[in-house]
Amino acid sequence: MAGRGMTFGAPMAWGKGGKGMPMIVKKDAEKKPEPEKAAGREIFGSAKKEEKEGPKLVVGEGAFQPRSLKIGETENEIKKKRINGVLNRMAPEKYESLARCLVDEHKILEDDDILKDALGMIFKRATSQQDLCAMFANLCKFIEDELPAERSKTYRRMLLETVQSEYEELRKMGEDDVPKAKRLGNAQFVGELYAKGLLNSKVMLYLLSNLIPPTEADKRCEARPCHTSIEVFCKLLATAGATLDSEPMSHATITDYFRSLKELAALADYPPRIRFMMMNTEALRSKNWPDTNSKALTIADQQKVLEEQMEKSLQANTGEKGHTGAATAWGSSAEIMEVKSEVVQKPKNESKKEGDGKKDKKKKKK
């Protein structure tokens, strides 16, 4: 028998064990032949070929290219860029790790050409940042200590050539073309190198003689060196004066220079700023050459300095030592905290009663 709603002519099948509703078994539909893959590829390929190709981009000569794709760049040029990147990240906190990275990873000691280029990069970094001159001078000393004894003379010669080339470059450019900060940074870095024992005293005396001519005291006053030369002269003495004054070969010459500084400071032709600078340099010698050059501070040192400044400002405002809290128009912070502690907070029940009493008064008024 056939159930209602069923179509005749189609074979039926029953569920498992003959139970359940009858199921219609459909005949397998005729499968359409699939196109060959190769034919499909040819069709799509032909469609792509029919598309119109746009104009090609022309790459300029100075276009940016990644380092790995640059053509004609040698290994030494890539190494120099990496060394420059390490010097850019040089800071007091990272000095030891980055100095070791230059020697171990980048291997600046293997090739003399790379070492000379590295010295030029260090010199430019130091002269542009006066507070880092001492750190870069320590880096030059660290490089010398890592070199074998046979190459120490070669390294000293390369360092002297770098100092001489920078000095000649500044001398050719003239006073107006070179920023004063660069001249002062150059003088401070050269003084730091001399203080570390990397330069000879003859080099320092030569530089000082070019700033102020090595003649008699009365003739020096007639020469009247410019303001910038006097500033660079004072910066050199402030950095390397202690070492120069302690050597017997240069002690007499330094004494002669200070005699001329005293006479130049007495002249009215120079502005007060220059005259006071020369007098301050004389005071450094009388006080046994204290270190007055600004140096880079680590983050921890900066935090200590800020804390000390905050404590001094708070003590000045309150007038009490060891007192924490700034004074305000309402009194000091400690006094305000004492007043707050004396105030007794009311319980919640009392506050609710007060609120209910206010509502009752409003109703009576209405």
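**Figure 1. Helix 11 and helix 12 cross in a left-handed sense.** A crossing is called left-handed if the near helix is turned anticlockwise from the far one by less than a right angle, and right-handed if clockwise. Helices here are DSSP runs (H or I, at least four residues), strands are runs of E of at least two, and both are numbered from the N terminus. This is a predicted model, so local features need pLDDT of at least 70 and side-chain atom pairs count only at pLDDT 80 or more, while totals for chains, interfaces and linings use all residues. Residues are numbered from 1 along each chain as its sequence is written, and side-chain values use heavy atoms, with hydrogens and water left out. The axes of helix 11 (residues 248-265) and helix 12 (residues 272-286) come within 9 Å, at a crossing angle of roughly 145°. Such axes are lines fitted to C-alpha atoms, for helices over the stretch in contact, and the angles run from 0 to 180 degrees between N-to-C directions. On the helix 11 side, the contact (heavy atoms within 4.5 Å) is made by His251, Ile254, Thr255, Phe258, Leu261, Lys262, Leu264 and Ala265. Helix 12 contributes Arg275, Met278, Met279, Thr281, Glu282 and Arg285. By class, the contact of helix 11 with helix 12 holds seven nonpolar, three polar and four charged residues. For these classes, Ala, Val, Leu, Ile, Met, Phe, Trp, Tyr, Cys and Pro count as nonpolar, Asp, Glu, Lys and Arg as charged, and the others, Gly among them, as polar.

**Figure 2. Helix 6 meets helix 7 in a left-handed crossing.** The axes of helix 6 (residues 152-173) and helix 7 (residues 180-195) come within 12 Å and cross at roughly 160°. That angle makes helix 6 roughly antiparallel to helix 7. In these terms, angles under 35 degrees are roughly parallel, over 145 roughly antiparallel, 65 to 115 roughly perpendicular, and the rest oblique. From helix 6, look for Leu159, Val163, Glu166 and Leu170, which meet Lys182, Arg183, Asn186, Val190 and Leu193 of helix 7. The contact of helix 6 with helix 7 has five nonpolar, one polar and three charged residues.

**Figure 3. Helix 2 and helix 4 make a right-handed crossing.** The axes of helix 2 (residues 75-88) and helix 4 come within 10 Å and cross at roughly 30°. Helix 2 is therefore roughly parallel to helix 4. Asn76, Lys79, Lys80, Ile83, Asn84, Leu87 and Asn88 of helix 2 face Ile114, Asp117, Ala118, Met121, Ile122 and Arg125 of helix 4 in this contact. The residues of the contact of helix 2 with helix 4 divide into six nonpolar, three polar and four charged.

**Figure 4. Lys107 has a positive phi, near 55°, without being a glycine.** You will find Lys107 in the loop between helix 3 (95-104) and helix 4 (112-128). Lys107 counts as partly exposed, at 40% relative accessibility. The cut-offs are under 20% relative accessible area for buried and over 50% for exposed, with partly exposed in between (1.4 Å probe, protein chains only).

**Figure 5. Trp289 also shows a positive phi, of about 55°, although it is not a glycine.** Trp289 lies in the loop between helix 12 and helix 13 (299-318), and counts as buried at 13% relative accessibility. Thr243 and Trp289 are 46 residues apart in sequence, with a C-alpha to C-alpha separation of 9.4 Å. Thr243 belongs to helix 10 (residues 227-246) and is partly exposed, with a relative accessible area of 25%. Leaving aside neighbours within four places in sequence, Thr243 is in contact with Tyr194 and Ala195.

**Figure 6. Leu147 sits in the loop between helix 5 (133-146) and helix 6.** Leu147 is buried, with a relative accessible area of 8%. Not counting residues up to four places away in sequence, Leu147 touches Leu109, Leu115 and Tyr155.

**Figure 7. Cys140 and Cys234 are both buried.** The relative accessible area is 1% for Cys140 and 5% for Cys234. With a disulfide defined as a pair of cysteine sulfur atoms within 2.5 Å, the count comes to zero disulfides.

**Figure 8. The whole protein has 15 helices and four strands.** Of its 366 residues, 30% count as buried. Among contacts with a separation of 6 or more, 64% join residues 24 or more positions apart.
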